[in-house]
Amino acid sequence: MKIYNGGPIFLGILVFLAIALFPFYNNFGKVNAKPEPKVDTPAIQEYEKANGKKECIESKEWMRGEHMQILNQWRDSVVRDYNRTYKSNSHPNAAPFNMSLQSGCMKCHSNKKKFCDECHNYLSVKPYCWDCHIQPEEKEEVKS
Amino acid sequence: MTAIISFIAVLLLVAIGYVGGSAGPSVRFLFGVVIPYAAFIFFVGGLIARIMKWASSPVPFNIVTTTGQQKTLPWIKHSKIESPYSAFGVVIRMALEILAFRSLFRNLKTQLHEGGRVAYGEAKWLWMAGLAFHYSFAIILFRHLRFFIEKVPVAVQMTDMLDSFLQIGAPLLYATDVVLLGAVTYLFIRRVAIPQVRYISLAADYFPLFLIFGIGATGVLMRYFTKTDIISVKMLAMGLISFKPVVPDTIGAMFFVHLFLLSVLFAYFPLSKLVHMGGVFLSPTRNLPNNSRAVRHVNPWNYPVHVHTYEEYENDFRDKMKEAGLPVEKE
């Protein structure tokens with residue numbers, strides 16, 4: 001098989017290979033750590049001691065997929081309707097929760113770096129919560 | 001009819017992906033690891049094979065098509081890009097063709113007016129939708145790098161941020177998601193609604209449209225509606241590229257539909273009109289310089305032909321020519 005104008009064509013194929021195989025060689029020899037969000041803040045441990053289990057306002061699986069949507073709905077509800085009471089679907093008998101990021105969610109999950117950022121950074125998700133809200137102050141962990 | 005067949009074919013693929021994703025671990029391994037690997041190898045190998053096939057076809061004539069004044073006498077203005085003379089002009093022309101779809105920009109619509117008068121009007125919608133489609137697809141592909149690099153590079157983060165700058169909903173709506181699905185829908189409607197285009201549309205034209213729509217739609221469903229465990233998806237992606245494949249149990253069937261349709265697209269790529277990705281670079285009507293007056297284009301097919309020149313002819317017949325009183329060049 002005779003190849004005409006081989007020079008530019010092989011150069012083009014090399015460029016194509018460089019782009020198509022980029023993820024493979026870029027990751028070559030690297031060790032990939034998976035994110036491990038921590039739910040072991042003092043507030044959560046206290047709750048676990050008192051109630052015998054860790055639980056959020058909804059089930060863990062549901063929260064994993066839908067937490068961003070619930071935060072969005074809460075914001076609209078609080079800002080537009082001045083409604084701060086949230087009735088949980090998975091805990092129908094529980095008292096209504098107070099819709100609040102800073103004094104609700106972050107009261108238990110006071111470890112933003114190890115809870116929020118762990119997965120968000122892994123997937124380059126940049127929520128704009130903290131453009132307006134005040135981030136919880138985190139001391140550098142000394143223990144363990 | 002061809003459109004319906006293509007639509008049913010894509011629906012079948014969706015069903016296969018869904019069944020595969022809902023099945024046991026070994027079937028999920030097949031759909032999550034084996035098929036994507038096979039499709040990727042086929043994509044890369046197939047595309048290179050197609051390019052080599054094109055590269056082995058000679059270009060017998062300088063068949064460049066131009067839309068500007070050729071380089072000629074110094075007092076006639078030369079159109080350097082539309083009728084390129086130098087390699088640099090060709091590069092600029094190709095870049096405009098590939099990045100801005102310049103020849104599609106010249107698309108015209110022909111209309112027959114009363115009294116048989118023909119009129120040509122501008123038709124930019126195809127160009128616009130084509131450009132919107134290709135660029136959103138490119139951006140979406142680039143954004144997906146966040147699943148394939150552990151420490152997501154700044155360029156990908158910036159793309160992500162700009163793409164979601166409207167800050168609609170949560171997770172933030174990507175503009176390219178809307179543009180891609182809108183453009184694909186337009187390209188489909190165009191094929192169906194314009195009779196002349198419908199007449200020349202084949203199953204091979206509809207199938208990629210439905211397939212790409214399916215990939216976009218499953219992606220949109222996963223991101224905004226049904227949700228999937230995106231951490232596990234990244235673990236699957238990282239496993240694939242580091243050759244330590246894992247298929248976490250927490251990945252939903254919808255993801256397998258997305259991945260299976262994508263695998264089909266990759267495998268289908270080198271076999272179909274989609275290879276224009278590589279082919280556009282090898283279009284002789286675009287990538288040749290219009291210098292046929294200055295540089296002789298030698299047909300690579302040419303084989304040495306024995307030529308009987310006039311000089312030789314005269315040598316053979318000089319005496320007879322003189323006898324007959326014909327003029328000769330050499331006495």
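**Exercises on a predicted two-chain model**

Over all chains, the count comes to 17 salt bridges, a salt bridge being a side-chain nitrogen of Lys or Arg within 4 Å of a carboxyl oxygen of Asp or Glu. The model is predicted: local features need pLDDT of at least 70, side-chain atom pairs count only at pLDDT 80 or more, and totals for chains, interfaces and linings use all residues. Residues are numbered from 1 along each chain as its sequence is written, chains are lettered from A and ligands numbered from 1 in the order in which they are written, and side-chain values use heavy atoms, with hydrogens and water left out.

**Exercise 1.** Describe the salt bridges between chain B and chain A.

*Solution.*
1. The count between these chains is 2 salt bridges.
2. A:Glu66 pairs with B:Lys227, the closest N and O atoms being 3.2 Å apart. A:Glu66 lies in helix α4 (residues 60-81) of chain A and B:Lys227 in the loop between α9 and α10 of chain B, so the pair joins two chains; helices are DSSP runs (H or I, at least four residues), numbered from the N terminus.
3. A:Glu66 is buried at a relative accessible area of 16%, and B:Lys227 is buried at 15%. Buried means under 20% relative accessible area, exposed over 50%, and partly exposed in between (1.4 Å probe, protein chains only).
4. B:Asp229 forms a salt bridge with A:Arg64, with 3.9 Å between the closest N and O atoms.

**Exercise 2.** State which parts of chain B are tied together by the salt bridge of B:Asp205 and B:Lys273.

*Solution.*
1. The closest N and O atoms of B:Asp205 and B:Lys273 are 3.0 Å apart.
2. B:Asp205 lies in helix α9 of chain B and B:Lys273 in the loop between α11 (253-268) and α12 (276-279), so the pair ties together parts that are 68 residues apart in sequence.
3. B:Asp205 is buried, with a relative accessible area of 11%, whereas B:Lys273 is partly exposed, at 40%.

**Exercise 3.** Determine how the buried residues of α6(B) are arranged about the helix axis.

*Solution.*
1. The buried residues in α6(B) are B:Val156, B:Thr159, B:Asp160 and B:Asp163.
2. Seen down the axis of α6(B), the buried residues fall within an arc of 100°, so they line one face of the helix; the arc is that of the directions from the helix axis to the C-beta atoms.
3. The face turned away from the buried side carries the exposed residues B:Val154 and B:Leu162.
4. The cover over the buried residues of α6(B) includes α5 (125-143) and α7 (175-193) of chain B.

Notes: Contact means heavy atoms within 4.5 Å.
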